[in-house]
Amino acid sequence: LAETGHTVMVGARQGIHVRYLHVLQATRAGSFQSKSGLLRPMFRSAIGKMLLTTLPEREVALLLRQANAQERDASLQVDMDQALMERRRALVDGYAMSLGTSVPGAAALAVLLPGAEPMTLSVGGPQNEIEQEKPSLLETLQRAVHPFQSASRRKNLQGMG
C-alpha cells in the first residue's frame, strides 16, 4: 500500500471508538498524518463503519445510543437510520468510506481484514484525492487483503474436514 502515498492504517474496535493499531505515514506532500494508538469515533470513521458490519443490527443500535449520549456536540450525533443504511451499504459493497466526518478535510476507505478478531485495513488522505483515486485505492486495498482471505478460507476448509 506504500505505492498510494497515502496514510495506511490497521484498526480495531475499542468500545464506541476505533483505535489505530498500526499506522504507515503518508509520503505525499500535504497529506494528513496520524499515529498508532489514536482513537476515532466509530460511527464517523470508515474503519468504524466497516467494523459495524461484523455486529448484529441490535448491537449497532445499542452502541450508537451510547455514542450519541457521550457526544457533547449535538451536531456530531449520528442518526440511527443513517448508521444502519451505511452499515448495509458497507456489507453489500465490501468497503466503507468516510468523507470529512472523522477528520475535517480528510477521507478514508476501509476493508475488513480476515481473521478471528475484526480488524480493518484502510487508506486515508485529503478528501479530494481519496475521492478522485477511489477506484484504484479500492483495488489496492482488495489486492492487499486477498492473500489473507485466501489463507483464512484454506484454514476454514481444513477445519471442516
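1. A polar contact is a pair of N or O atoms within 3.5 Å; within protein, one atom must be able to donate a hydrogen and the other to accept it, and residues adjacent in sequence count only if both atoms are side-chain atoms. In this predicted model, local features need pLDDT of at least 70 and side-chain atom pairs count only at pLDDT 80 or more, while totals for chains, interfaces and linings use all residues. Residues are numbered from 1 along each chain as its sequence is written, and side-chain values use heavy atoms, with hydrogens and water left out.

2. The side chain of T4 reaches the backbone nitrogen of H6 at 3.1 Å. T4 is found in the segment before strand 1 (strands are DSSP runs of E, at least two residues, and helices runs of H or I, at least four, numbered from the N terminus).

3. T4 counts as buried because its relative accessibility is 8% (buried means under 20% relative accessible area, exposed over 50%, partly exposed in between, with a 1.4 Å probe and protein chains only). Not counting residues up to four places away in sequence, T4 touches R28, V123, L137 and T140 (contact means heavy atoms within 4.5 Å).

4. In helix 2, the buried residues are V60, A61, L63, L64, A67 and N68. They cover an arc of only 165 degrees around the axis, which puts them on the same side of helix 2 (the arc is that of the directions from the helix axis to the C-beta atoms).

5. The buried residues of helix 2 pack against strand 1 (7–14) and helix 3 (80–93), whereas the face turned away from the buried side carries the exposed residues R58, A69 and Q70.
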